[in-house]
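Here are a few notes to go with your first look at this one. Have the viewer open as you read.

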Amino acid sequence: MTDVRILLVDDDPALLEALPAALRLRMEHIQIDTAESAFEALDRLRETDYDAVVSDIKMPGKDGLELLMEAKQVRPGTPVLLITGHGEHDLAVQALRGGAYDFVQKPIDRDYFVASLERAIQMRRLDRQVIAQQALLEQHARLLEHMDNGVMLVDANHDVLYWNPAAHAITGLAPVDVLGRPVGKVLAGWDGIIGEVPVSSEPSSSPRDATVPLDVGGRELWISLSGVEFDGGVVYAFRNLTEERALDELKSEFVATVSHELRTPLSAIYGCAQTLRRSDIDLDEATSQRLLEVVAHECERLSRIVGDILLANQLDAGRLRLVQEEIEVDVLVAEVVEEMRASLGNRESIKLEVSMAEPVSPVVGDADKLRQILLNLVDNAVKYSPDGGRVVVRVEPRDGGLRFAVSDEGLGIAHNEQQRIFGKFYRVDPNLTRGVGGTGLGLYICRELARRMGGRVSVSSREGEGSTFVVDLPLVPALAGERASAVSRTA
Ligand code: ADP
């Protein structure tokens with residue numbers, strides 16, 4: 001036993017001298033403080049956390065029983081041994097009832113006394129260890145409560161025993177919905193993925209984890225998950241990777257779409273150039289012109305794709321500059337329709353019309369961005385129209401601004417796709433089963449440009465009947481006679 005410290009209390013100075021000497025003989029490393037009264041003992045107890053207190057029961061002023069009661073308040077964990085007079089059984093019983101660890105009768109049987117004191121000291125030691133471990137456990141529990149990673153404890157019956165706040169935040173599932181329930185019921189898809197999740201037998205500095213999908217409350221969640229076995233089950237730690245995953249998917253979609261979209265015009269240009277270069281065939285003037293037109297047309301397409309990618313990037317980075325200038329709306333709309341008409345190519349049977357109930361007076365805004373929105377919408381309307389279809393661009397004043405509506409009689413868009421089509425790179429028919437290509441950036445750009453201009457784009461559509469894309473912009477009329485100067489701002 002090392003560094004043990006006890007307090008000996010007795011009003012008899014002879015005993016205060018004799019007893020420590022006897023104890024030191026039998027117990028190594030023991031430090032013994034003495035007090036001649038209960039009052040002095042309580043003062044010492046307040047200062048020092050003793051391993052045990054030994055006190056005479058009969059003392060003037062405040063007796064051993066009173067000391068015992070007060071010592072329990074000051075140091076609840078410190079064991080108190082009381083020394084009773086010979087045959088004072090009632091006092092001994094009172095002492096034990098009052099919470100004394102043991103009592104020793106006079107004349108003191110030294111062997112019994114030392115054995116009892118050693119047990120008391122040992123008990124105090126264990127108590128302290130338990131308290132320290134409890135504090136450690138509480139600290140760990142607090143740590144788990146404040147961790148960013150989800151932590152879940154699953155017992156041998158596969159029931160969830162612990163669910164930290166991060167697990168709640170990541171999944172949206174509250175502890176009451178989870179605790180005590182089978183993990184397979186709580187997390188749909190668990191049984192299917194659990195085989196892929198690495199579970200080690202001890203924590204490692206570089207744990208491996210698996211990235212797996214889970215269906216939580218109807219939404220797909222991608223989490224990276226690993227487990228460590230413990231006696232009664234497995235503790236799992238997980239992180240939410242849904243956003244990273246979506247970003248990765250977006251990146252792959254970007255590469256797939258863009259490379260496909262670039263390859264098509266490039267191979268057309270390459271084919272035309274090769275044909276024009278051939279010396280073994282005699283190309284007449286008209287054929288050469290047609291091939292050159294294809295080259296020019298495909299080059300325009302390439303430059304539009306690259307332009308769209310750059311614009312989407314500018315929008316994402318918040319680096320788009322908006323210009324405030326006067327826009328002659330009717331002229332701008334007519335130009336857009338003319339430009340589209342000129343590039344109809346083999347879709348020339350499509351009828352492009354403009355409908356303006358009343359002349360629209362000039363407004364202030366960014367003409368280029370408005371042109372870009374309308375070009376994208378009309379381009380789509382043509383692209384997704386059947387041969388001979390009608391595409392109409394309507395302009396009308398609405399709620400202190402202007403409403404532009406582009407309608408077609410094309411294949412339409414299913415209801416569940418109508419919000420998704422505004423997403424970046426989103427295409428309803430990515431595998432081109434309908435043979436119409438695109439980057440999936442057009443509508444994303446339209447929506448973002450309209451937003452930056454304080455407006456919005458919406459769609460109404462019926463499959464097989466056609467679609468109408470509506471752009472509402474808060475474009476205010478330019479004051480008559482006043483030329484709006486070109487002012488730019490970043491949006
Ligand atoms: P892209 O046309 O390059 O694929 P968009 O962002 O312009 O990309 O359009 C996204 C998707 O929305 C298209 O793939 C298409 O399926 C659908 N879409 C857009 N406009 C129309 C339209 N007028 N009619 C039918 N579908 C359309």
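1. Let's start at the ligand. Helices α13 and α14 (442–452) each supply at least two residues of the shell around it. Keep in mind that this is a predicted model.

2. Which helix gives the most to that shell? That's α14, with three residues.

3. In total, 20 residues surround the ligand, and the closest are Y384, V428, G438, G442 and L443. Sorted by class, the shell has 10 nonpolar, seven polar and three charged residues.

4. Helix α13 spans residues 367–383, and its axis comes within 10 Å of the axis of α12 (residues 329–342), with the two crossing at roughly 40°. The crossing of α12 past α13 is right-handed.

5. Which residues make that contact? On the α12 side, look for L332, V333, V336, V337, E339 and M340. From α13 come A367, L370, R371, L374, L375, V378, D379 and V382. By class, the contact counts 11 nonpolar and three charged residues, with no polar ones.

6. Finally, zoom out to the whole chain.

Methods: Residues are numbered from 1 along each chain as its sequence is written. This is a predicted model: local features need pLDDT of at least 70, side-chain atom pairs count only at pLDDT 80 or more; totals for chains, interfaces and linings use all residues. Axes are lines fitted to C-alpha atoms, for helices over the stretch in contact, and angles run from 0 to 180 degrees between N-to-C directions. Helices (H or I, at least four residues) and strands (E, at least two) are DSSP runs, numbered from the N terminus. A crossing is left-handed if the near helix is turned anticlockwise from the far one by less than a right angle, and right-handed if clockwise. Two residues are in contact if their C-beta atoms, placed from the backbone, lie within 7 Å. Ala, Val, Leu, Ile, Met, Phe, Trp, Tyr, Cys and Pro count as nonpolar, Asp, Glu, Lys and Arg as charged, and the others, Gly among them, as polar. A residue is near a molecule or strand if its C-beta atom, placed from the backbone, lies within 6 Å of it.
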